[in-house]
Amino acid sequence: MHRTRRRGNPPLLPRGRLVRTAAVVVALATGITAAAFAVGGSDERPSGVRTDAVQPAGRAALDRVGSKDLGKSISALQAQLRARPKDAAGWATLGAAYVEQARTTGDPTRYPQAQKALARSLTAQPRDNDLALAGRAALAAARHDFPDALRDADRALKVNAYSERALAVRVDALVELGRYDDAYAAARRADSLRPGIPAFTRLAYVLELRGDPAGARSVLLRARKSATAPGDVAYVATALGQLAWSQGQYPRARGHFADALRAEPGHLPALEGRGRTFAAVGDLDAAVRDLEEVVRRYPLPAELAALGEVYEARGDRERAREQYAVAATWIDLARANGVATDLDSALIAADHGDRAEALRAARAEWGRRHSVHSADALAWALHRVGRDREALRYAKSAAAPGYRNASFLYHRGVIEKSLGDTASARRHLSAALDLNPAFSPTGARAAKAALKGLGEAR
């Protein structure tokens, strides 16, 4: 996936239009009502029941969800806390709700509100407050501060070893820090203590990162059997669709996305997956329809860039540039609200903006975490400024745990081609297209062109 430009670049659009795109981001980020989540329940340890009898959590795996209107639930919590301002659990729940609202709407301005609510909870109950600590861990993860997320998740688990939210965030933090063996152990532990959708989907992702997509699919099918609520069905079916898409299995992917949308019409991740699948099979008009709906409701950089690439593939470069500009504006807004955005910035700038800034952002991201994604971003940014020998080292790091990603393989092949290693370049460019022939509307086309330049047609 190729993404767009960064803060401080020469504008890709005339200033008047760029100002309008900023307004679009703010309007989208603040005006959407989440339609599928509400906070309720607790993370209390089971009492007198088998752990395998614990009911699955909601699809976000961070909060146990109940009603269909998160905005109304937040309003009710606010009213409750006005009447009971020392209710530590209430403040922790409100903080978690703000994190969830930011996640589901793409509105990073909710993060400071979440921080204040969680701080109020810890002031009201400084000791043994696992709800607030787990909420603070989720907030740190949402802001891409994974060391703090891991720290607070561990603190919450010392208070309550069965905290589903803390168990889930701990896996996420270890994954994002590139500690895949530890993440696998943490996912297995979460599965043993609180089996359900959150544990299953995280275990599946760790298996995929460790080079075992078949194992990942097996775990997700187990999760699908356990899912009964429409939101859970949609969540797991979408994960199955994404896994199938990443392996180039487009008919299977479309089937899973269709299952998700039957369970929960309008489920955005499934809609996005279906749009990417339409693009993969060449139905660009259908891809645009789905992705336009996604970014209307969820204007985050990856989704905006995906739509931009489909516009590019359709020959509409002006509309593509507009999507990249909106993505860059969202990154600025997110930074202002405490979200570390260097990975997004690096990927966006490397292909659509200031390459020197892409390298700066990628180095900053690598300095925070040594994940496969940060390694790939740094490799690609180094290539884009002509430092291919150094880039190859990071491209190899991106594959170290066994993870096979078509975009990563493409990047490595291009780097090797630039270094004159034609045999390795052919091998990795071919592997990218064999694994996922349409991994990106623009990237796959470039991979084919690179192979043609090496004397191998596709």
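**Questions on a predicted model**

Reader: Which helices are included in what covers the buried residues of α18?
Author: This is a predicted model, in which local features need pLDDT of at least 70 and side-chain atom pairs count only at pLDDT 80 or more, whereas totals for chains, interfaces and linings use all residues. Residues are numbered from 1 along each chain as its sequence is written, and side-chain values use heavy atoms, with hydrogens and water left out. Helices (H or I, at least four residues) and strands (E, at least two) are DSSP runs numbered from the N terminus, and contact means heavy atoms within 4.5 Å; what covers the buried residues of α18 includes α16, α17, α19 (372-384) and α20 (388-398).

Reader: Which residues in α18 are buried?
Author: Helix α18 covers residues 355-368, and its 14 residues reach 20 Å from the first C-alpha to the last, close to the 20 Å expected at 1.5 Å a residue; the expected span is 1.5 Å times one less than the number of residues. Buried means under 20% relative accessible area, exposed over 50%, and partly exposed in between, with a 1.4 Å probe and protein chains only. By that rule the buried residues in α18 are Glu357, Ala358, Leu359, Ala361, Ala362, Glu365 and Trp366.

Reader: Are α16 and α17 roughly parallel or roughly antiparallel?
Author: Axes are lines fitted to C-alpha atoms, for helices over the stretch in contact, and angles run from 0 to 180 degrees between N-to-C directions. Angles under 35 degrees count as roughly parallel, over 145 as roughly antiparallel, 65 to 115 as roughly perpendicular and the rest as oblique. Helix α16 (residues 317-336) and helix α17 (residues 342-352) pack at about 155 degrees, with their axes 10 Å apart. That angle makes α16, relative to α17, roughly antiparallel.

Reader: How many nonpolar, polar and charged residues are in the contact of α16 with α17?
Author: On the α16 side are Tyr324, Ala327, Ile331 and Arg335, which meet Asp342, Asp344, Ser345, Ile348 and His352 in α17. Ala, Val, Leu, Ile, Met, Phe, Trp, Tyr, Cys and Pro count as nonpolar, Asp, Glu, Lys and Arg as charged, and the others, Gly among them, as polar. Sorted in this way, the contact of α16 with α17 divides into 4 nonpolar, 2 polar and 3 charged.

Reader: What is the distance between the end C-alpha atoms of helix α14?
Author: Within α14, the residues Leu284, Ala286, Ala287, Val288, Asp290, Leu291, Val294 and Val295 are buried. Helix α14 (residues 284-297) has 14 residues, which at 1.5 Å a residue should span 20 Å, and this agrees with the distance between its end C-alpha atoms, 20 Å.

Reader: How many nonpolar, polar and charged residues does the contact of α14 with α15 have?
Author: The axes of α14 and helix α15 (residues 301-313) come within 9 Å and cross at roughly 155 degrees, so the two helices are roughly antiparallel. The contact is made by Leu284, Ala287, Val288, Leu291, Glu292, Val294 and Val295 of α14, together with Glu303, Leu304, Ala306, Leu307, Val310, Tyr311 and Ala313 of α15. By class, the contact of α14 with α15 has 12 nonpolar, no polar and 2 charged.

Reader: Is the crossing of α2 and α3 left-handed or right-handed?
Author: The axes of helix α2 (residues 70-83) and helix α3 (residues 88-105) come within 10 Å and cross at roughly 155 degrees, and the two are therefore roughly antiparallel to each other. A crossing is left-handed if the near helix is turned anticlockwise from the far one by less than a right angle, and right-handed if clockwise. The crossing of α2 and α3 is left-handed.

Reader: How far apart in space are Arg262 and Pro230, C-alpha to C-alpha?
Author: Arg262 has its place in helix α12 (residues 250-263), and with a relative accessible area of 58% it is exposed. Arg262 and Pro230 are 32 residues apart in sequence, while C-alpha to C-alpha in space they are apart by 8.8 Å.

Reader: Is Arg202 buried or exposed?
Author: Arg202 is found in helix α9 (residues 197-209), and it is 14 residues from Arg188 in sequence and 9.3 Å from Arg188 in space, C-alpha to C-alpha. Its relative accessibility is 9%, so Arg202 counts as buried.

Reader: What is the phi of Asp128?
Author: Asp128 has its place in the loop between α4 (110-124) and α5 (130-142), where it is exposed, with a relative accessible area of 54%. Although Asp128 is not a glycine, its phi is positive, at about 55 degrees.
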